[in-house]
Structures are given as structure tokens and as C-alpha cells.
Amino acid sequence: MKNDFPILSNGKIAYLDNSATTQKPRAVIDAVQKYYETQNANPLRGAYRWSVEATQKIEDARKKIAKFINAKSASEIIFTKNATESLNLVAYSFGRENLNLGDEILISIAEHHSNLVPWQILAKSTGAILKYIRLDSHGNFLEPDINSKTKIVAVTQISNVLGIKNDLSKIIERAHEFGAVVVVDGAQSVPHLKTDVQKLDCDFLAFSGHKMLAPMGIGVLYGRKKFLESMPPFLAGGEMIEYVEEQSTTFADLPHKFEAGTQNVGGAIGISTAIDYLETIGFEKIESIEQDLLDYAIPKLRDLKFIDLYGCDVENKIGIIAFNVKDVHPHDVATILDKNGVAIRAGDHCAQPLHRFLNLNSSCRASFYFYNTREDIDRLIDALKNVRKVMRLE
Ligand SMILES: Cc1ncc(COP(=O)(O)O)c(C=O)c1O
């Protein structure tokens with residue numbers, strides 16, 4: 001499938017940083033380019049054909065996303081610029097309205113900063129208490145403390161460092177028993193697993209287009225209608241209004257109440273085309289390719305005695321592998337790998353509390369998508385064999 005991805009098709013780079021962002025297939029690039037070459041106009045504002053068509057493109061994309069994640073209604077799909085903005089929207093609009101002194105917000109220690117810092121800020125501004133679900137020695141969630149004070153549970157479906165798939169069903173059931181609202185960070189799960197928000201029974205789900213083949217700058221917030229309807233707007237400005245008087249405003253209905261300003265039509269076309277592409281392959285195949293890559297990579301990495309692996313002795317995992325090369329800083333590892341044509345991520349991956357919990361400063365991360373091949377992994381392994389030699393450690 002690499003031939004569908006112009007940036008990968010010359011085979012020069014083994015791209016293993018898919019958790020940061022995925023590459024874009026020709027179909028997505030062409031659809032976005034065609035829009036700018038033949039139709040571009042400001043949506044929702046114009047009465048002329050291009051503008052009407054731009055509006056239609058956004059609404060078609062919204063319907064496609066609703067179907068893709070099995071939302072009950074397209075009005076439960078809010079366009080944002082990324083998962084981070086989606087999570088902030090919930091923290092500000094839902095959190096500030098509904099939290100009081102002493103209420104509890106529960107997140108996990110495995111959260112990306114995007115699903116951690118907004119809750120910290122919310123806790124500070126409302127007097128709520130931020131609590132954490134810790135992990136067992138394999139990286140799985142320990143029993144969460146959900147009680148009558150818990151008002152918001154915000155958890156990732158898949159950790160962007162450990163790649164572990166968290167079974168959220170019990171957490172969601174228990175949270176709902178206590179009347180808490182559940183926010184799921186789907187940034188790493190929606191691109192890799194079939195998502196069904198009704199089955200999952202979450203109240204909010206956040207994800208980014210650029211991690212699932214679409215361009216950067218388009219993200220999604222799914223929200224249960226009854227919550228979205230009760231929430232005040234997050235950002236204010238054009239097209240999120242109904243009537244504006246000198247001293248007051250009434251707001252548009254869902255979903256536009258949460259979409260202030262000019263929307264990203266090119267991004268909406270991109271994510272819509274990306275969904276078509278993903279659905280043509282099918283999530284069964286995507287999951288099985290990633291599983292094959294994991295099954296191939298982990299034993300090979302284990303054979304390298306100078307590698308420490310994290311979160312790799314579990315079955316419930318997608319193609320994300322965090323590791324360190326003994327005595328070598330991850331930035332040096334990534335730089336040496338780059339010289340060998342292998343792109344990985346190095347650092348704390350926006351998950352500093354998780355790294356501290358694991359007693360690490362930083363780590364390397366190789367993350368796969370369905371277009372990766374066993375050959376990419378061979379290249380990673382060969383390049384890793386070089387690292388300690390380059391560093392003159394052997
Ligand atoms: C688990 C998780 N949540 C949230 C985000 C934030 O995504 P974005 O930067 O696209 O907003 C990321 C990005 O890596 C992530 O991995």
C-alpha cells in the first residue's frame with residue numbers, strides 16, 4: 001500500500017512515527033488539491049455556488065464521520081482543529097459549568113498532556129480535585145476510584161507511549177452508575193480500531209484527522225447531544241450565533257454553536273476522503289497488519305540485549321513500541337536512526353507524568369500503521385545494531 005503514499009513510495013525512509021502523525025495517501029492529497037483548484041470559498045456565508053458547495057462539503061464530511069463512529073446524529077459531531085482543542089472544549093464548556101469545590105476529576109497517569117493539562121487548569125479554576133488511575137507493572141490500568149464525588153472521568157483508549165488498549169467498558173459503566181461524565185481520548189484509537197460510540201457508551205470522544213491520513217488542522221469532538229445542548233459555547237464569533245444585539249447574543253443550534261469562525265473545508269474534505277480510504281481497507285485488515293508487525297518486531301527487539309522495552313508483555317496492544325537503548329539518550333538514538341533512513345520519535349512524547357511514573361526521563365518510540373512492512377522493521381533493527389557502535393560503547 002506504500003505506493004498509494006507519494007512520500008513513502010520511493011522507499012527511502014522507514015517511517016515509524018505514525019503516532020505523531022500519519023502520511024497522506026494520494027487520494028486525500030488529490031481531493032484537497034481539487035477543492036482548492038476548483039471550488040474554494042468561505043462556507044456558510046455565501047449565496048453563490050462555490051460557497052454553497054463548500055458548506056455542503058463540510059456537512060457531508062460531518063455525516064460521514066457520524067456514520068464512521070456510529071454517532072446517533074451528525075449534529076453530535078463538532079469540527080475542531082485537533083484532539084487537543086476537542087478536549088479543551090469539553091474541559092472549558094462542560095467542566096466550568098458543572099464542577100464545584102471538592103468535586104473529583106479522574107484521569108489516568110498514562111494520559112497525553114492534551115488530556116491532562118486542561119483538567120489541571122479546570123481543577124485549579126473550580127476547586128475540583130484531579131485524581132489519577134495508576135498502572136500495574138505491565139502498563140494496564142489499576143482499579144479506578146470512582147465514587148459519588150467523581151464528576152468527570154477522562155481517559156485515553158490507547159496510550160500514545162505504551163500502545164496498550166485500555167478496556168474502558170467497566171470504567172464507563174461505573175462512572176455512569178455515579179452520574180459522572182466520560183470523556184475518551186481517541187487520538188490513538190480511532191485511526192487503528194473500529195469505533196462505535198454507542199457501543200462504547202462514552203459521553204465525549206476526541207480525535208485528530210492528521211493521525212488517520214487526513215491533513216493537519218482538522219479534528220473532531222463527538223458529544224452526546226443532551227450534554228452538547230446544555231453546554232455554553234467554547235469560542236465565540238462568526239456563524240455560531242443566531243441573533244446578535246448590542247448587549248446580548250443567542251446562539252446557533254448544534255453543531256454550529258461550537259464552530260466559531262471560518263471552518264476548515266479543505267480539512268473536512270481530507271478527513272472525509274481519509275475515511276473512505278480506511279473503510280476500503282477495513283479495520284479488520286488494518287488491525288491484522290499491525291498485529292503482524294508487532295509480532296514480528298517485539299521478538300527481534302528482545303533479541304537485542306541492549307534494548308529495554310516498555311509495555312510489551314501484554315496482548316492488548318496496537319503497533320506502538322516504547323524502548324530505550326542502554327546508556328544512550330533517545331535523541332542520540334533517533335538522530336543515528338535518521339542517518340540510516342529510519343524515522344522514530346524520541347523524548348517524553350507529551351507524557352511526562354507517565355515517564356516519571358515509569359522512572360524514565362524519556363524514551364524512543366516506534367509506531368506503525370497499516371502501510372508499514374516487515375522490511376521497515378528490519379531496517380529499524382539493523383539501524384539499532386549500529387547505535388552503540390556509533391556512540392563508541394562497544
Ligand atoms: C493520546 C493522545 N491524545 C491527544 C493527542 C493530541 O493530538 P493533537 O496534537 O493532534 O491535538 C495525542 C497526540 O499525539 C495523543 O497521542
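A: What follows starts with the helix pair and then moves to the domains and the ligand. The model is predicted.

Two packed helices are described by the angle between their axes and the distance between the axes. Here the pair is helix 10, residues 330–339, and helix 12, residues 374–390. Their axes come within 9 Å and cross at roughly 120°, which makes helix 10 oblique to helix 12. The crossing of helix 10 past helix 12 is right-handed. On the side of helix 10, Val 333, Ile 336 and Leu 337 make the contact; helix 12 answers with Ala 383, Asn 386, Val 387 and Val 390. By type, this contact has six nonpolar residues, one polar residue and no charged ones.

Next, the domains. The domain assignment gives domain 1 as 2–24 + 282–390 and domain 2 as 26–280. Taken over C-alpha atoms, the centres of the two domains are 27 Å apart. Their contact draws 30 residues from domain 1 and 32 residues from domain 2. On the domain 1 side, at least two residues each come from helix 9 (283–303), strand 12 (320–325), helix 11 (352–357) and strand 15 (363–367). Helix 9 gives the most, with four residues. That side of domain 1 is made up of 14 nonpolar, nine polar and seven charged residues.

Last, the ligand. There are 13 residues around the ligand, and Asn 82, Thr 84, Asn 160, Ala 187 and Ser 208 come nearest. The shell holds two nonpolar residues, 10 polar and one charged.

Technical notes:
Residues numbered from 1 in each chain as written. Predicted model: local features only at pLDDT ≥ 70, side-chain atom pairs only at ≥ 80, totals over all residues. Near = placed C-beta within 6 Å. Nonpolar A, V, L, I, M, F, W, Y, C, P; charged D, E, K, R; others polar. Axes fitted to C-alpha atoms, helices over the stretch in contact; angles between N-to-C directions. Parallel < 35°, antiparallel > 145°, perpendicular 65-115°, else oblique. Left-handed = near helix turned anticlockwise from the far one by under 90°. Contact = placed C-beta atoms within 7 Å. Domains from an automatic or database assignment.
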